[in-house]
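Dear colleague,

I am passing on the structure you will be working with, followed by an account of what was found in it. Please keep it open beside you as you read.

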Amino acid sequence: ECIPVAWVAAMVFALHPLQTAAVTYIAQRCAIFAACFYLAACFFYGLSRTLAGRKKWLAYSAALLCSLAAVFSKENSFTLPLALLLMDLLLLPREKSLPELKFFWPFVAISLLIPFNLWLGSGSQKLSAVVRLAEPSGQISALHYFYTQARVMITYWRLLLIPLRQNIDYDYPIYSSFLHPEVLSGFLCVIVVALIGVLFLRKGKRLASFLIFFYFTALLVESSFLPIQDVIFEHRLYLPMFSYSLGIALVWGWARSRSPTFLSVLALSLLLGSLGFLTWQRNQVWQSNISLWTDAVTKSPLKARPHNSLGQALLAEGRYKEALIELEKTLALSPRYMNALLGCARIYRALGEEKKALEFYEKARRVNAEHPELEYDLAVIASEMGREEDALAILGRLVKKYPGFQRGWRLAGMISLRKGHLAKAATFMERAVRLKPEMLRLIIRSVLFMK
């Protein structure tokens, strides 16, 4: 009986179109790794609590290793100790329902590596934060973020049940009052679902109760008081999808035992077929940056970032006039959008309109004179004008402030090579390759072309 239910859960997990946000979006491979190690840690920990002797310690060691891997994959793994505690309390036999704290605390210690690592930071993290925060998305308070998450929960449930009108970049309202009807209704639904979990527990349906509380636990980092720049992203449901998919499989297994076989097979075929078709459709949108951001612009026409991202994608393809239209729309919505200002400047440079390009660079300088992309562009312009010493001075300041900016090291190396400063060029190139080893072939090709 368990095998078909497990198979159905796996198929729902694999075929649900929401999973494209983590699987197809390669930047979110961290969400996949985190979920894999998170669930593996839960499995091995549960196994260790039911075994004895050498096998117990092997399973427990595997759980610790998976926990460590999850923590270094993504920050939402911080809730893993709470998930293990839920397993102890809800899934293990009653005589073993109290957690053995001496085995539990090492997982807490491992999870604390996340805030410690964030506190330490690194040059590349600092750089990405500066670039990201330079985009005028605005800041959100912890309280307003919490209010908004009450409504986001409803959107997540709607997407799980009816996965239509998916979007990589939602134009989502920020709620600033607990008394707003959308916020109140969201909190009410969350409380009702939590109470259903308690009711299941009182009726002895411990697995159903565990799935409800595991879902909330898996979203706790990204849907609570901790303000994140974006209030909603579909890839955040990758780990919580475990609860949803297993829950759907359990409902199907319950219906299968009370209905004719052909009806249960037909219902399952329709469900999996629909999910698979919607996933195929969504993956068509993910075929290219242009198709992806065209879809986002259609669904979020009043949000600046989708227009900017589409403009940058068109710029990368050399479609300058189309790109300029999107970037101008970006600036109409958000005049201080740094990446759009730089994009316009680059387009006008490519079109040979240096005066207009300089106007946009000046606007960008007034927004953030120390933005790494702006300084890099100014170094490129200085180099092209033959002012190589000025370019090297700009790049020197740039890589000192942002040592993770790989292109700065590479350009400094190319300029030094042209000037015949081989030792300096080798040092700069070495730093560039160390930051991005995959760029070694490009650097070698550039050097050979220069010769």
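Helix 13 and helix 14 are roughly perpendicular to each other, because their axes meet at an angle of about 105 degrees. Helix 13 covers residues 261-285 and helix 14 covers residues 289-299, and their axes lie 7 Å apart. On the side of helix 13 the contact is made by Arg-282, Gln-284 and Val-285, while helix 14 contributes Ser-291, Leu-292, Asp-295 and Lys-299. Sorted by class, the residues of this contact are two nonpolar, two polar and three charged. Please bear in mind throughout that this is a predicted model.

Another pair to look at is helix 5 (residues 80-90) with helix 11 (residues 206-218), whose axes come within 10 Å and cross at roughly 170 degrees. That angle is over 145 degrees, so helix 5 counts as roughly antiparallel to helix 11. In this contact, Leu-82, Ala-83, Leu-86, Met-87, Leu-89 and Leu-90 of helix 5 meet Arg-206, Ser-209, Phe-210, Phe-213, Phe-214 and Thr-217 of helix 11. The contact of helix 5 with helix 11 is made up of nine nonpolar, two polar and one charged residues.

From its first C-alpha to its last, helix 11 reaches 18 Å over 13 residues, which is close to the 18 Å expected at 1.5 Å a residue. Because 10 of the 13 residues of helix 11 are buried, this helix is largely enclosed by the rest of the structure. The buried residues are Arg-206, Ser-209, Phe-210, Leu-211, Ile-212, Phe-214, Tyr-215, Phe-216, Thr-217 and Ala-218. What covers them includes helix 5 together with helix 3 (29-48), helix 9 (142-161), helix 10 (181-202) and helix 12 (241-256).

Leaving aside neighbours within four places in sequence, Leu-84 is in contact with Ala-41, Cys-42, Tyr-45, Phe-104 and Phe-107.

Not counting residues up to four places away in sequence, Phe-178 touches Tyr-147, Val-183, Leu-184 and Phe-187. Phe-116 and Phe-178 are 62 residues apart along the chain, and their C-alpha atoms are separated by 32 Å.

As for the chain as a whole, there are 23 helices and zero strands. Of its 451 residues, 46% count as buried, and the C-alpha atoms fill a box of roughly 80 × 50 × 45 Å along the principal axes. Among the contacts in the chain with a separation of 6 or more, 69% are between residues 24 or more positions apart.

With best wishes

Definitions and conventions:
Residues numbered from 1 in each chain as written. Predicted model: local features only at pLDDT ≥ 70, side-chain atom pairs only at ≥ 80, totals over all residues. Heavy atoms only, no water. Axes fitted to C-alpha atoms, helices over the stretch in contact; angles between N-to-C directions. Helix = DSSP H or I, 4+ residues; strand = E, 2+ residues; numbered from the N terminus. Parallel < 35°, antiparallel > 145°, perpendicular 65-115°, else oblique. Contact = heavy atoms within 4.5 Å. Nonpolar A, V, L, I, M, F, W, Y, C, P; charged D, E, K, R; others polar. Expected span 1.5 Å × (residues − 1). Buried < 20%, exposed > 50% of the residue type's maximum accessible area, 1.4 Å probe, protein only.
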